[in-house]
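Welcome! Take a look at the structure first.

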Amino acid sequence: MKKKKDVQQGTLALMVLKTLEVLGPLHGYGISRRIEQISGELLSVNQGTLYPVLLKLEQEGAISSTWGPSENNRRARFYRLTRAGHKSLESEKRNWDQTASIIARFFEVSPEDFA
Amino acid sequence: MKGLHRLGTRMRNLVSNRRGDERLREEIEHHLAIQTGDNLRAGMTHDEARRQAVLKFGPVDTIREEYHSEESLSLIENLLLDLRYGVRMLRKTPSFTVVAMLTLALGIGANIVVFGILNAVLLRPLDVQHPETLYQIRHKTWMSGRLVTTSYPAFDDLRRRNHTFVGLIGINAYSSVTMRFGNFVRAISGDEVSGNYFDLLGVEPALGRFFHAADEHGPGSAPYIVLSDALWQSAFQSDRSVIGKIVELNKHPFTVIGVTSARFHGTERFAWPEYWIPMLNEEQVAGSDYLHNRAGINVTVIGRLKPGVTPQQATDDLNGIVAQLAREYPTTDDGLPLRLIHPGLYGDDADVIRGFLYGVNALALLVLAAACANLASLFAARASDRTRELALRAALGASRSRLATQLLTEALLISVMGGAAGVATAALLLKALNRWPPAADAHLAAGVTAPVYLAGVILTFGSAFLFGIVPARHAWQSSPLEIIKGAVADSAYVRRFAVRDLLLGLQIAICTVLVTASLVAVQGMMYALHAPLGVQPKGAMLVDLDLSQVAPSADLMLQKQREMIDAALSVPGVTAAGAVTRMPMTGGLHGIPVYEPGTTEFRMDNYALLPYVFSMSPGYLNAAGTRLLRGDDVSWQDTSRTPYIAIVNNTFARKLWGEREPLGQHFVLWGKLTEVVGVTEDGKYHDLAESPPPVVYLPFSQNQSDEAIFVVRSRRPASEMAGALKRTFGRIEPNLPITIQSWTDLLEDELLPARAATVALGVMGFLAAMLSVTGIFGMAAYTVSRRMKELGIRVALGAHSVQVVRAAVGRPIVLLGVGSLLGLIASVLATRLLEQIVYRANPRDPVVMTGVVLTMALLGLLASAIPARRAMGVNPSTLMRDE
C-alpha cells in the first residue's frame, strides 16, 4: 500500500507544481479541480489526498501559502510557487523528458537493433 | 536540500507540538463547501450534494492521519506513545515491575562493580610514559610474592651488558625509615631506586625536581629524597617551601628536592611508596650495604625495551648475560634463566590476580545472564496473558512491528530503570571500596570512569534486548484471527513445552554453577583458615620499633633487645615474649643455601638445601606458639665465642637426615659450621599454598640483625595490651616511633585476597540463589494461575492433593532438577577455571556436591511452596462460577 502512495504522491506533487506555475496562486479545491480536468480519472480516486501532498511541498519550501478570501466569501488557503519551486519544477521536467525518451526508444526497438 | 528543509520543519513541529488540525479542518470545510455548491448547481438535492462531496473527498480521518504524519516525525511520536503506554502497563502490576527492576539492578550493579575493579587493576595503564614497553625481570620459575629478583651487583652487570633495553632501573620497595623534620617523627616506607628511575619512566615532578643518574657519584653521594604527593600533604601540609629543606632519615640528612604528581604511585598498583631515594644511598638508611653484596637478593629490575625489540629477544639476551655471570661468580650467581612480565601486580602474583578478576567478571556476567533469562520467562508469561489484547490491536490495524516495538519498549523501560539503579549503587560501592583500606599498604583507585559507564549502558541495552526479544517474537507470530476465534484453551497452551521452559532450565543451570562456585569458595576459605600455620596468632601482640637508631653497635643492639624483652615480660598478664627478624607470611623471604659439613667450595649448584633463615631471641618460639618437638630453645649464652647452633624445623631435619636423629647433626651456613640443638614443627612462612619449607632459626646473640619484631603473648585483650606495651617500651626509648598490632590483624591483612575471593563468590552465590527462587516461584505461580480451572476440574473428579500439586508445580520442579544437574556437570567441567579463583578449589568434593544438591532442593521447595499451597486449596465450585 505504501508503494502506490509513493508513486501517486510523486506525480501528484509534479502536477500541483505545474498547475501553480501555469495558473498562478490557487486554493486547494481549485488545484484539485484543475488537475481533475487535465488528468481525467486519476484524481477521481481521492481528492483529499492532495492536502498531505500540499503540506509536504510547503515543508520542502517548493510552495508557500497564505490565507485569502475565496469566491464564496469564505477564508481559504492560497498556494503559490516559490522560486525554489520553479527550479525544482524545471529539473523534474528535464528528468521526465529524459525518462520518457529513453522508454520511447525502447518501445521502438526491433530485433535488428540488437544484432 | 529540500529533504533537509522538510526534516527541519518536521522536527520543529514535533518539538513545539504544533498541530495543523485547525488549518486542515478549515481547508477541508472550504473544499467540501465549494464541491457541494458545484453539485447543487449540477442538479443534486441538498443531502445528495453534500454526500457526494464527502465521498469524492475521501476518508477524512485517514487523510488527517496522513497529514499529521507528514507534519511531524511519527517515529518519535510513536515512541513517546509507546513509552507512556508502557509506563501505564507497568504501573498496573507494581510487584512485577519492582521485582524485575530489582533483579536487573542487582545483576547490572554487580557487573559494574567487578568491571570497575577490573578496569582499575588490570585495564588502566600505569601512570608512566609508554607503559606497554615496560617489563619486569623475573626468574623463569613462577614464584608467588618475592618482588625482588637479583642482587645489586648483578643488576649493575645486567644494566651494562644488555643490548636490548633502552635502560634498566633497579628498585627496592622494602625501604622503611624513621623521618625527623623539625620536631615531628614518623615511620614511613618507600622505594630505593636507581638514578635513572624517573627519567626512564618518563614522569615529571609536580614540584621541585627529581634526581637523575648524573647526580650519582658513587655510594652515599646523592642524599636526596623525593616525596609522594600523599606524604607531602599529610606530613608537610602541602607546604611549597619544603623544597630544599633537610630531613633526617634514620638520623642521616637528606634534602627534599621534589614532589611527584598526585597520580604517580610508582610501578606497583597496590603498594604506593611514600618517598623515593637513590639506591646508592641505601646504606645510610638501611644500616648495611647491599650494593656490594652479590649474595643478597635485594633488587627488583624493570626495563624499557628498545623500539623494535621483542620481549623474546630481550629474554634471550638477558639469559646469555646470566649464564656469563654464573660462570664468573659461581659462589653467588645461580645462572637460573629469567623471563619478562609486565610490572604492577606484585610480580608473578599478577597471574593469580588476573585469573581471579577475569573469573569473577565472567561469573558476574553469568549472574546477569541468569537474571535476563529469568526476566525473559516472566515477560513471556506476561505477553501470553495479553494475547487477546495483542490480537485485537492487530485486527484493528496495528502493524506487527508496532506491536513488537510496544513490547520492547516495556522491556527497555524496566532495564533502563534497573540499569540506572544498578550503576548508581555500583558507583557508591566503588567509592566505598576506595576509602576502605583493605590492608596496611594496599590501595585501590577504582573509579566510575567512562569505560565503566559505557559498560553499564551496553549491559542495560543488551539485557533489554535479550529479554524483550522473547515476548516481542511472540507478538510477531501471533495470528489475530486464530486467537480471537479459538480462545485457545489456556491450559493446553500452557502445557506445551515452550521457550519459557528452556529459559527457566538455563537460568537454574547458571544459578547452580554460581552456587557451586560459592560453596567451593567457602570450603577453600575454611581450608585456608584452618591450615596449620605453625604459629598461634591468637593472643599475641607485635611491637615494631627501629632500634638501629639508638644502638649503633651489635653489642648495644643485643643489650637493648634483651632489655625490651625483659620489660615486656614484666608487664602483668604477659606469658611469653621474644623477638624475631621477620614475621611469617609477610613476604621478603628467600632461601639461603646451606651445605653439608666438609664442603669447601660454596657455589650455587652444590648446596644441600635452601631454607628460610630467621634470627630470634630466646623465648620467641614460646611467644609465637611454635612447638619445639625435640631439644632446647636458644639462649642468651650462645655467643660468637661459643659453638654456632641452630634450631631447625621438621622438614629441614627430614630432608637432610631422613629418619636419623637430628640433634647433634651439623651443616654449614654462611661459612660457619652449625650444630642442631632443637627441632620445631612445620609451618607456613611465605604463603598459604606452599608446601612446608625448610626453616632455620639462629640465635640473635650469634647472628645479629637490626631488624627485629617483638612478639608478646598474654591473656589480656588486645586493646589493653597495646596501651600497656606502648607505655612500657616508650619508657625505655622515648624518642622512637612504636607500631603495635595484634598478630591476628596482621594475618588478616595477609589473608585478605583469599577472604576477598570468598566474599565475592559468596555474594554471587547468594544472588544466584535469589534468582533461582524468583525464577521457580514466577514459573510455578504463573502455571498455577493459568491452570486453575483445569485443576478445579481435576479436584472435582477426585484427584488427591498430591496429584494436584504434581500437576501444578511438577513442571518447574522437573526443570529445577534438570537444570541443577546440568549446572553441576558444568561446574565439574570448569574445575580448572574455579581453581584460578579459589585456593584448592575442588567442586568434585562430595561435601560440596551434597551441599549444592541440598541447597537447590531447599530453594525449589521454598519457591514452590506458595503456589503449591494455592493449588491444593483450589475450590472447584468457586472456580466454575467465576469463569
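**Exercises on the interface and a helix**

In this predicted model, eleven residue pairs, both at pLDDT 80 or more, are in polar contact across the interface of chain A and chain B.

**Exercise 1.** Find which elements of chain A supply at least two residues each to the side that touches chain B.

*Solution.* Start with the helices: α1 (2-23), α2 (28-39) and α3 (50-60) of chain A qualify. Next come the strands β2 (63-69) and β3 (75-81) of chain A. Of these, α3(A) gives the largest share, seven residues. Finally, sort that side of chain A by class: eight residues are nonpolar, 14 polar and ten charged.

**Exercise 2.** Work out how much area is buried between chain A and chain B.

*Solution.* First, see who takes part: 32 residues from chain A and 26 residues from chain B. The buried area is about 2700 Å², with 53% given by carbon and sulfur atoms. Then look at the chain A side, where Tyr29(A), Tyr51(A) and Gln59(A) lose the most area to chain B, together 27% of what that side buries.

**Exercise 3.** State how many salt bridges link chain A and chain B, and describe one.

*Solution.* The count is four. In one of them, Lys56(B) pairs with Glu36(A), and their closest N and O atoms are 3.1 Å apart. That lies within the 4 Å cut-off.

**Exercise 4.** Explain why α6(B) is described as largely enclosed.

*Solution.* Helix α6 of chain B covers residues 94-123, 30 residues in total. Its first and last C-alpha atoms are 40 Å apart, close to the expected 44 Å. Now count burial: 21 of the 30 residues of α6(B) are buried, so the rest of the structure largely encloses this helix.

Technical notes. Residues numbered from 1 in each chain as written. Chains lettered and ligands numbered in written order. Predicted model: local features only at pLDDT ≥ 70, side-chain atom pairs only at ≥ 80, totals over all residues. Heavy atoms only, no water. Contact = heavy atoms within 4.5 Å. Buried area = accessible area lost by both parts, 1.4 Å probe. Salt bridge = Lys/Arg side-chain N within 4 Å of Asp/Glu carboxyl O. Polar contact = N/O pair within 3.5 Å; in protein donor to acceptor, adjacent residues only side chain to side chain. Helix = DSSP H or I, 4+ residues; strand = E, 2+ residues; numbered from the N terminus. Nonpolar A, V, L, I, M, F, W, Y, C, P; charged D, E, K, R; others polar. Expected span 1.5 Å × (residues − 1). Buried < 20%, exposed > 50% of the residue type's maximum accessible area, 1.4 Å probe, protein only.
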